Amino acid sequence: MSQQQLSLPAKLINGGIAGIVGVTCVFPIDLAKTRLQNQRIGQQAYKSMMDCLVKTVRSEGYFGMYRGAAVNLTLVTPEKAIKLAANDLFRHHLAKDGWVKGLTVFKEMLAGCGAGMCQVIVTTPMEMLKIQLQDAGRLAAQQQKPVMVSPTKLAATNTVLSRSYNSGTAVSAPRAVSATRIATDLLRTQGIQGLYKGLGATLMRDVPFSVVYFPLFANLNRLGKPSPDESSPFYWAFLSGCVAGSTAAVAVNPCDVVKTRLQSLNKGASEESYNGVMDCVNKILRKEGPSAFLKGAGCRALVIAPLFGIAQVMYFVGVGEYILDNFPSSFMSV
């Protein structure tokens, strides 16, 4: 019973550490993904992921690639912890003979579905705030000539971000913009639902992702086990996480494009607004064609693959179990 009690805190710690390490490693690629997905035909500031990263460093400096990272690093711990722990919890309750045996592929998919539905509580506001900060540089680039960047680039970026979230009109004086400022403005003008704009699209992305990822990882990881009673090597767990993560990421990329467009509060010149998921899908199809739904797919695969590979290695190594075994009093006193 004590082992069972230690299980959930250990999984939460493992998921949190994996999220922080993974986000730190791949966040610049995630920023490129957001900016590529928000580009419209005829308004492309970036030609590819590398072009986006190079132009971002030139115009905003090295740390410009980590714009919005603070939001992710703050909220990725509960987000990844909820996702991974919820999946294990659902698998445990759906299994007949313990954690591994008795799970059909359908039940594995059901457990993944439950995990995806749980995580959007944190994912939606996290993505909402992150996207505003990530997309600021693209909007600023539309206001200036992309070739040469003036020393006042930060003020220009802040001016773009400082538009009114309701009317879309620019305010007279630029102000420093942060995730806290955006969240405060949204709560004041739109209430809690402002932070959960795009919830439906987030569910459309995260639930199918989890339905694909978790069963695929479990079955790939099972292939690397020397015997049914032994664990697979840590490198096999890492590779299984990478393959399953990238496959699921590409599969749900159209939903991610829709979510990104819906959650982008600030629009560039002549960029249309959307009145929901179906309106967004119809306008993208009509104006940009089906290929627009694959924008940023390569970037997203490169982001998700190591993120979930690292997560599975954290589980394999048992960092959470080590911390709980060696510092139990710290967690018992909380």
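# Notebook: a helical protein model

**Entry 1: confidence**

I looked up the confidence first: the protein averages a pLDDT of 80, and 82% of the residues score at least 70. pLDDT is the predictor's confidence in each residue, from 0 to 100. I noted that over residues 1-6 the pLDDT is below 50. In the model, that stretch has four contacts beyond near neighbours in sequence. Contact means heavy atoms within 4.5 Å. Residues 145-176 also stay under 50, and the model gives them 47 contacts beyond four places in sequence. By helix, the lowest mean is 44, in α6 (residues 153-161). The highest is 93, in α11 (residues 253-263).

I kept the ground rules beside me. This is a predicted model, in which local features need pLDDT of at least 70 and side-chain atom pairs count only at pLDDT 80 or more, while totals for chains, interfaces and linings use all residues. Residues are numbered from 1 along each chain as its sequence is written, and side-chain values use heavy atoms, with hydrogens and water left out.

**Entry 2: the whole protein**

How many helices and strands does the protein have? I found 15 helices and zero strands. Both are DSSP runs numbered from the N terminus (helices are H or I, at least four residues; strands are E, at least two).

I then checked burial. Of the 334 residues, 51% are buried. Buried means under 20% relative accessible area, exposed over 50%, and partly exposed in between (1.4 Å probe, protein chains only). The accessible surface comes to about 15600 Å², and 67% of it belongs to carbon and sulfur atoms. Such areas come from the Shrake-Rupley method with a 1.4 Å probe; for residues, only the protein chains shown count as cover.

I also looked at contacts between residues at least 6 apart in sequence. Of these, 76% join residues at least 24 apart.

**Entry 3: the cores**

Next I looked for nonpolar cores. A nonpolar core is a set of buried Ala, Val, Leu, Ile, Met, Phe, Trp, Tyr and Cys residues joined through side-chain atoms within 4.5 Å. The largest has 33 residues. Phe209, Tyr213, Ile304 and Phe308 have the most contacts inside this core. Helices that each supply at least two of its residues include α1 (2-37), α3 (69-94) and α9 (199-223). Which helix gives the most to this core? I found α13, with eight residues.

I followed Phe308. Leaving aside neighbours within four places in sequence, Phe308 touches Lys80, Lys83, Phe209, Tyr213 and Gly241. There is also a second, separate core of eleven residues, including Val71, Met126, Met128 and Ala179.

I looked up Asn87 too, which is in helix α3. Asn87 counts as buried because its relative accessibility is 4%.

**Entry 4: a patch on the surface**

I turned to the surface. Leu223, Phe234, Tyr235, Trp236, Leu239, Phe316 and Val317 form a nonpolar patch there. Together they have about 740 Å² of accessible area. Patches are made of residues with over 30% relative accessible area and no salt bridge; like charges are joined within 9 Å, nonpolar side chains (Val, Leu, Ile, Met, Phe, Trp, Tyr) within 5 Å. Helix α10 supplies the largest share, four residues. I checked Val317, which lies in helix α13. Is Val317 buried or exposed? Val317 is exposed, because its relative accessible area is 55%.

**Entry 5: salt bridges**

Side chains of opposite charge can pair when their charged atoms come close. I searched the whole structure and found 19 salt bridges. A salt bridge is a side-chain nitrogen of Lys or Arg within 4 Å of a carboxyl oxygen of Asp or Glu.

Glu108 and Arg91 meet in one, at 3.6 Å from N to O. Glu108 is in helix α4 (residues 105-134) and Arg91 in helix α3, 17 residues apart. Both are buried.

Glu288 pairs with Arg261, their closest N and O atoms being 2.9 Å apart. This pair links helix α12 (residues 277-288) with helix α11, across 27 residues. Glu288 counts as buried because its relative accessibility is 10%. Arg261 is at 0%, so Arg261 counts as buried. Glu288 also forms a salt bridge with Lys295, at 3.0 Å between the closest N and O atoms. Lys295 is buried, because its relative accessible area is 19%.

Last, I noted a network of salt bridges: Asp30, Lys33, Glu127, Lys130, Arg205, Asp206, Asp256 and Lys259 are linked in it.
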